[in-house]
Amino acid sequence: MKKAFCLVLLTAIFINSYAEQKQHDPPLWLKKTAEVIALQLNKAAITYKPGLNPRSINPNGTVRLANLTDWTTGFFPGSLWYGYELTGNQNLAVEAKKFTLALDSVRYIKNTHDVGFMLYSSYGNAYRITHDKTYLPALQEGVANLNARFSPTVGAIRSWDFSWWHFPVIIDNMMNLEYLYWAANTFNKPEYANSATTHALTTMKNHFRKDYSSYHVVDYDPKTGGVIAKRTHQGVTDESAWARGQGWGLYGYSMCYKNTKNPQFLAQAEHIAAFIMNHPRMPKDKVPVWDFDVHNAIGVEEKAPRDASAAAVIASALLDLSTQVKDGKKYVDYAEEILKSLSSDEYLANPGENQYFLLKHSVGAFLYNSEIDTPLDYADYYYLEALKRYVTIKKIDLKEPAKS
């Protein structure tokens, strides 16, 4: 009897152990995705030169490159880092370091908030993954320049220095607050965190409508801090909900809550999430067109391409938000639907094609006939980040087996 009991117990343990192992094995769509990621990123790394990173594909099929002053220049190195982290492919780490260190002079740029995208996506991921202090000087100098753009009068960080604006703040700027929060802790600069939190509060007050959709640009009076105008530089109209902009806001407030535990930020993130997830014009595959309100623009709706970059940002943001609430499953499930769509043949590149970008069908700036229905480096970056967050939550291992 005792032996029989032990046998049953051992069998149960084996079955449970096997079931748990199978649970953490990647599903087929994710296995295929990991293979495409490793191949495409390795091919891209030997095709492009550090300092001139692939940004998108021009209408004539050539690649648009991002130089050191391009706001997107940090995304390709960041993608290499995420690709390494996801797959364990050692060559991607080697290439990521080369492409990251080539951006060293970005630390001197002072005329844009985009240094957050440029440096934190590249150097920030490099330091997070390797803990190599080689990456710290550029991060330290760059964040000081970012914080110097903060105005106590306005209570926000100036986005652009374009002469036709007074003190413009774009919803995209929420993304760069993570750099400030990280630097506040890393370099013992609490004023950076104060700037970030104040910016988030000011943006929450002035950028959002009653339905929790956001304006793209709010222009402030730098002398008084008052709002001069609420406009768009990307959306179909000033009052429309530009899809990627809604993703920027969602991502930003989830991240701000994670760093401050201010309940206002969590509530804001959940409200924005509800606006996006329940939107009546969200397509079934959860990849939005470039603006949720294109139906209001004559002659635009029939030309409204999907924006995979917006979907990638939204997926990454929802997965981050899911870890900070009690009922996070709904956010994981929605993000999973997005990732499955982006990993389908409709959006994910065939190996060796798409100029070695991962995703197809993104939109840069529709109103300016720029980067329409094309791959984009930041679509790939946030797609990879979302996949990394997804496999972490699901406890899935995508790493390649070690070679003997």
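Start at the largest pocket, which holds about 620 Å³ of space. On a 1 Å grid over the protein atoms alone, a pocket is an open set of points with protein on both sides within 12 Å along at least five of seven lines, and lining residues have an atom within 4 Å of a point. The volume is the space filled by probe spheres set on the points, which are joined across faces, edges and corners. Select Trp71, Asp114, Trp160, Phe162 and His233: of the 28 lining residues, these lie nearest the pocket's centre. Helix 9 (243-260), strand 8 and strand 9 are the elements that each give two or more residues to this lining. Helices (H or I, at least four residues) and strands (E, at least two) are DSSP runs numbered from the N terminus.

A word on what you're looking at: this is a predicted model, where local features need pLDDT of at least 70, side-chain atom pairs count only at pLDDT 80 or more, and totals for chains, interfaces and linings use all residues. Residues are numbered from 1 along each chain as its sequence is written, and side-chain values use heavy atoms, with hydrogens and water left out.

Next, pick residues 362-365 and 370-374, strands 8 and 9: they run antiparallel, joined by 3 bridges (strands pair if DSSP finds at least two bridges between them). Ser362 sits opposite Thr374. In the hairpin, 4 residues lie between the strands, and Asn369 has a positive phi near 55 degrees.

Now hop to the second largest pocket, with about 540 Å³ of space. Its lining has 28 residues, with Tyr82, Arg128, Glu178, Glu385 and Arg389 nearest the centre. Which element gives the largest share of this lining? Show helix 5, which supplies 8 residues.

Then select helix 2, residues 28-47: its 20 residues reach 29 Å from first C-alpha to last, close to the 28 Å expected at 1.5 Å a residue (the expected span is 1.5 Å times one less than the number of residues). Its buried residues, which include Trp29, Leu30 and Ile37, pack against helix 3 (75-87), helix 4 (90-101), helix 12 (329-342) and helix 13 (377-394).

Buried means under 20% relative accessible area, exposed over 50%, partly exposed in between (1.4 Å probe, protein chains only).

Definitions and conventions:
Contact = heavy atoms within 4.5 Å. 1 Å grid on protein atoms, 1.4 Å probe; cavity = no way out; pocket = protein on both sides within 12 Å on 5 of 7 lines; lining within 4 Å.
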